[in-house]
Amino acid sequence: MAKTTRMASAPIGKGILGKEASAVRQRVEAMEKLMEGMLHIPGTNQKVGLDVILSILPFGGTTLAAVMGAYMVWEARNLNMSKSAVMRMLGNVGFDWLLGLVPFVGVIPDFFFRSNSRNLRIIRRHLDKHHPATATINQ
């Protein structure tokens, strides 16, 4: 009979699923990359993600992208960010959603107005100020 082994489990609240600021940073950076920079357009220096791809689908795609973008706002609220910062983030998601509601043409402004990247900058600014140990150096 094969001997079973158990992997050591991380304590609750540790790792990428935890509530620590470093785990939140990893999650929101991953979400931003998925939504805004998943694919590189050949021959250009532009990247696109699910936000632009979902905008091709009228109404439903834009709404789904807004719901996914609202996840970053939820994470910001859990970090106890100021209400003004959270409202600014909600405004970015809402404006992006409104731009994407225009059928077919809404893909163009959605390509240029990157609400998730803006929201990530707001979260990073907060984390760098209040949780400096989570800062990462981009190369």
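## A buried glutamate and its partner

E75 is buried, with a relative accessible area of 3% (buried means under 20% relative accessible area, exposed over 50%, partly exposed in between, with a 1.4 Å probe and protein chains only). E75 forms a salt bridge with R27, and the closest N and O atoms are 2.8 Å apart (a salt bridge is a side-chain nitrogen of Lys or Arg within 4 Å of a carboxyl oxygen of Asp or Glu). Because R27 lies in helix 1 and E75 in helix 3, the pair ties together parts that are 48 residues apart in sequence (helices are DSSP runs of H or I with at least four residues, numbered from the N terminus). R27 also counts as buried, at 16% relative accessibility.

The model is predicted: local features need pLDDT of at least 70 and side-chain atom pairs count only at pLDDT 80 or more, while totals for chains, interfaces and linings use all residues. Residues are numbered from 1 along each chain as its sequence is written, and side-chain values use heavy atoms, with hydrogens and water left out.

## Other salt bridges

The count of salt bridges is five. One of them joins the side chains of D128 and R25, at 2.5 Å from N to O. D128 is in helix 6 and R25 in helix 1 (residues 21–36), 103 residues apart. D128 is partly exposed at 39%, whereas R25 is buried at 4%.

E36 and R114 also meet through their side chains in a salt bridge, at 3.6 Å from N to O. E36 lies in helix 1 and R114 in the loop between helix 5 and helix 6, so this pair ties together parts that are 78 residues apart in sequence. E36 is buried at 2% relative accessibility, and R114 is buried at 16%.

## The cavity

There is one cavity of 30 Å³ or more (on a 1 Å grid over the protein atoms alone, a cavity is a set of points where a 1.4 Å probe fits but cannot get out, and lining residues have an atom within 4 Å of a point). The largest cavity has a volume of about 70 Å³ (the space filled by probe spheres set on the points, which are joined across faces, edges and corners).

Its lining includes D51, W97 and N116. Helix 3 gives the most to this lining, with four residues.

Terms used. On a 1 Å grid over the protein atoms alone, a cavity is a set of points where a 1.4 Å probe fits but cannot get out, and a pocket is an open set with protein on both sides within 12 Å along at least five of seven lines; lining residues have an atom within 4 Å of a point. Helices (H or I, at least four residues) and strands (E, at least two) are DSSP runs, numbered from the N terminus.
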